[in-house]
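This report goes through one structure in sections, from overall layout to a single residue. The sequence and coordinates are shown next.

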Amino acid sequence: MNQYKTTIGIEVHAELKTKSKMFSDSANNYGKMANTCTNVIDLGYPGTLPTINEKAIELALRAALVLHCKINKVMHFDRKNYFYPDNPKNYQITQNRTPIGIDGYVEITINNVPKKIRIHDIHIEEDTCKSIHSNNKSLLDFNRAGVPLVEIVTEADMNSAEEAMAYLEKLRELLLYADVSDCKIEEGSMRCDCNVSVSKTETYGTKIEVKNIGSISNVGVAIDYEKARQISLLEKGQVLKEETRRFDDKTNSTILMRVKETGNDYRYFPEPDIPFIELTDEYIEEVAKNIPMTAEKRREIYLNNGISEVNVKKIIQNRTISDYLNKFINQNLNLVIASNLLLGDITAYINKYEIPLEKTALTDEKFIDIVTCLDTGKINSKIFKEILEDVMEQDLPVEKILENHGVREMSEEELSEIINKVLENNEQSVSDYKKGNERAIKYLMGQIMKETKGNANPNTIVEKLESKLKE
Amino acid sequence: MSKYLNLELKEINKLLKERKIKPLDLVEEAFDNIEKNKDLNAFITLNKDQAIKMAKDLENKEVDNLFFAIPIAIKDNICTKDLRTTCASKMLENFIPVYDATVIEKIKQHNMIIIGKTNMDEFAMGSTSRTSYFGPPKNPWDENKIAGGSSGGSASCISARLVPLALGTDTGGSIRQPASYCGLVGMKPTYGRISRYGLIAFGSSLDQIGPMTRNVYENAALLNILCGKDEKDLTSTRREKEDFTSLIGEDIKGMNIAIPKYFVTDIVEKEILEKFNNTVNLLKENGCNVEYIDIDYIENAVTLYQIIAMGEASSNLARFDGIRYGYSYENPKNLEELYSKTRQIGFGDEVKRRIMVGSLILSGENAKTYYDKALRIRDDIRKSFLKAFEKYDLIIGPTTTTVAYNLTDNLDDPSKTFLDDILVIPVNMAGLPGLNIPIGFNKDKLPIGLHIIGNEFDEKTIYKLASYIEKTLNLNLNPKGGE
Amino acid sequence: MDKLSKEEVEHVAHLARINLEEEDIERYRIQLKKLIDDIDKIKDIKNYDEEMLITPVTFHSDLRKDEIGSMLDYKEAMKNVPASNGNFVEVPVMINE
């Protein structure tokens, strides 16, 4: 008997990171008091007309470029007509005929096998207003109405929950790193709708849309649930109807919202209030040039610099750290040490005191000094922990901070004196070593370190100790 | 009551400057005129308290421009902050805009005094102003006749000399056709010349605001003030500043003028054709070169207009749903009932017909067979006009096929209202400027108008010819003979 | 006389979200048919160019700088709202959500 094959297509709405809205200059703010970030355009007042947010066009173009799309260099907007209370004009301004980007792709990797998920198109549109429901009433907040969005539509190229999640993780990373959107699913600035169907043949099965999924992992849960649900219905001999369902995170299941009417009749037509928009080659080039480095590229650089895969993953997950680290690429700095510091003690400090990295007293210069000190063995990580708070809080150079902590580099003579003293007091260990007990040197090392109070470079100590023992 | 408002603006301006009259004199006279001519039903809302207050405020201000303290009437589809704006619809019967249209800002900047909001067809849909929720305005030349539409109230109040200035809007002839029926000067400027921000949209790619006045000079001078790029309207055009009055009074000798053959066929009443031909002869005698031409698809313009205007209107008027403003059906059972009953009760018949057909035009495959096709042919019409303007300075024709008809005529035929605008609609299709200038009267003393069409952004040349005709014919355009 | 069917009228009325009474439907069956006959005349037009005129303006859109402009205060935003509840605009429950 044939296996069921699952087919998944995904539509993602991502809010663009702009100050003002797409077609009006009211604030694009999240979390403000209801209906305080609006103007007559957002409320769909009679007589109002749209204008175009320059930054939104730039961010949408960035997104189209990182998704490897072909760009519609002369584009226009269209009206999508449908009556719904969250849609203030009862038409939404979107791009139907000339989406800003078409025919792109996102590459995902599962078990080291790469796969391209094709992007059908990416288009610009305005967000709807937010609604809350209680009993027999719904309440509308127009603060979100008109927030710029891109909608990214894939081909039905995914075949498992795992692939769908990998696609969403990758897409999120792309948009986040291109500074297109902050992609906060929990705040609704990134929203995913999945179209899931199952079939035993080459023909696609009946498409079921699942909306309202609040996290990427829940996308996986929702798809697996749908797959099982649809197969079980088909096995019972039932016929599926095209419908829209919503994910319920309390029961980890999907619930019917509505059965689709015969073909949505959105009565699209070109928006006459907005003349064509031209994206010149020079403009596209300029926008491409200003896209921050992709996560992919960062990953490659970090790995080439010897940072472990585990740490690379952690860095990529934290954009602030990655951006900070990137300042020191090509500066002949030990990036392994630098990343360890950032992920370890510095992150711990930031989390403990809840202040952002850029608000601390840590300058690029100080960071370079510390990494260099650790790299050359001038200080060890124990000393670094001791001075950490001062480094993060005092506007003093590292040298001065070390001095304040009584940390200074020992002279050759001082070190030699200490080594000699330790060797004299530990004759047993010296003879053990000479008999071939390698471990004895570790003990001696520890004693010397203790005496130097960490003020000597361990590499230098080892060097000197070994030569003395050979005497 | 004194009669200053019948003077030319230049004379009123002089009197104001010399402090021989006060702004309040003008405002009081305007309201007195309106009161005495209540039967015309030209206004939906009067701005009496504010106008008087403003007139008093202006008393001590410097008379800084020609339009200072001049009463102006505004068509009721242009948003005026804190002044009711109804679109002549039950839907907006109690609607108070919270912002001013850009043209209103300009009018206020020039210290004009808004007297009131004029009657019109509901949402500007109609050619007679009879679709108004507030009853039709009447034609001052014969109160049994229509004033035309949709800017019928504006035409009526200028014609009756209630106020000297009015704004109208023109989607498919709605300034020029009532101007013709009522015997005044009405200009629909080039699409994009005047900001549409604050004009309640009917057909977005067709709508344009324009001045309606007693004479050509004042029309051109008012356009000087209304026009200009507006950051709030992407379709408004950035142009070098120009003076539309600059060619007024110049000799018309050597002008090349074209007449589309379609404009002088038997669709036009005989009396109108006669007056038109007399004017053509006058132009020829004075050195104009007049030729007859063809414009592609001009005979299809009404069909294209119906498709585009109804299609766009169905979308533009979707926002009237009883949720954020306007009439709202009380205690609806559910959302569907809120929508469908609000719109059933809030809209009149003409509007409902057009919205329904407009929705059908954009529905499914129809969007291609009707709307897209109309846009394609529309492009051809425009190109054909522009080609003609490579050779000719102006294109002329009669403005209307008939004179103003009885208020009780043609009420049953939903198509008739479109045919009233058959000669003016092609101009909206092409986005060109067009103006009505009165050229005489029929045997019943009803006005007949000439339509002058210019190349895009060449309103100046239109005014040049219009002023020549005005001066040469020297008609008495005051329905009461100018007592 | 040529008329639309009752169902056709009801369909367009639903598209436009307009409730119709029985007697309206009868009238619209005739009136809408007449308008549809008018627009159907476009089907006879041949030999036109492919280029579409979406707006008569030929220039490209200006873009607005991404800066926040003035906004309505809450009271102004709610000024014309027929039904409100606290800070919100109220509507019958949106069953499709």
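## Domains of chain A

In this predicted model, the C-alpha centres of domain 1 and domain 2 of chain A are 38 Å apart. Domain 1 covers residues 5–281, domain 2 covers 293–404, and a further domain 3 covers 412–470 of chain A.

## The nine-stranded sheet

Chain A contains an open sheet of nine strands with mixed pairing, ordered β2-β6-β7-β10-β1-β11-β12-β13-β14. Its edges are β2 (70–71) and β14 (253–259) of chain A, each of which pairs on one side only.

Several neighbouring pairs can be described individually. Strand β7 (residues 113–126) of chain A runs antiparallel to β10 (residues 148–154) of chain A, and seven bridges join them. Within this pair, A:I124 faces A:V150 of β10(A). Further along, β11(A) and β12 (residues 208–213) of chain A are also antiparallel, with four bridges; here A:V196 has A:I208 in β12(A) as its bridge partner. The pairing of β12(A) with β13 (residues 243–248) of chain A is parallel, again over four bridges, and A:K211 stands opposite A:R246 in β13(A).

## Helices on the sheet

Helix α1 (residues 54–66) of chain A lies across β2, β6 (101–110), β7 and β10 of chain A. The direction of α1(A) is at about 160 degrees to β7(A).

Helix α2(A) packs on the sheet as well, where it touches β1 (5–15), β6, β7, β10 and β11 (190–199) of chain A. The angle between the directions of α2(A) and β6(A) is about 115 degrees. Of the 17 residues in α2(A), 14 are buried, so the helix is mostly covered, given that a residue counts as buried with 20 or more other C-beta atoms within 10 Å of its own.

After α2(A) comes A:D179, which has a positive phi near 60 degrees.

## Contact between chains A and C

The contact draws on 42 residues of chain A and 31 residues of chain C. On the chain C side, α3 (74–78) and β2 (88–92) each supply at least two residues. Strand β2(C) gives the largest share of that side, five residues. By class, the chain C side consists of 17 nonpolar, seven polar and seven charged residues.

Strand pairing also crosses between the chains. Strand β9 (residues 137–141) of chain A and β2(C) run antiparallel and are joined by four bridges. In this pair, A:S138 stands opposite C:V91.

## Residue A:A27

A:A27 sits in the loop between β1 and α1 of chain A. Is A:A27 buried or exposed? A:A27 is buried, because 20 other C-beta atoms lie within 10 Å, and 20 or more is the cut-off for that label.

Which residues are in contact with A:A27, leaving aside neighbours within four places in sequence? From chain A these are A:K19, A:S20 and A:C37, and from chain C they are C:I68 and C:M71. A:A27 and A:N143 are 116 residues apart along the chain, while their C-alpha atoms are separated by 8.2 Å.

Conventions. Residues numbered from 1 in each chain as written. Chains lettered and ligands numbered in written order. Predicted model: local features only at pLDDT ≥ 70, side-chain atom pairs only at ≥ 80, totals over all residues. Buried ≥ 20, exposed ≤ 12 C-beta atoms within 10 Å, placed from the backbone. Domains from an automatic or database assignment. Pairing = 2+ DSSP bridges. Contact = placed C-beta atoms within 7 Å. Axes fitted to C-alpha atoms, helices over the stretch in contact; angles between N-to-C directions. Nonpolar A, V, L, I, M, F, W, Y, C, P; charged D, E, K, R; others polar.
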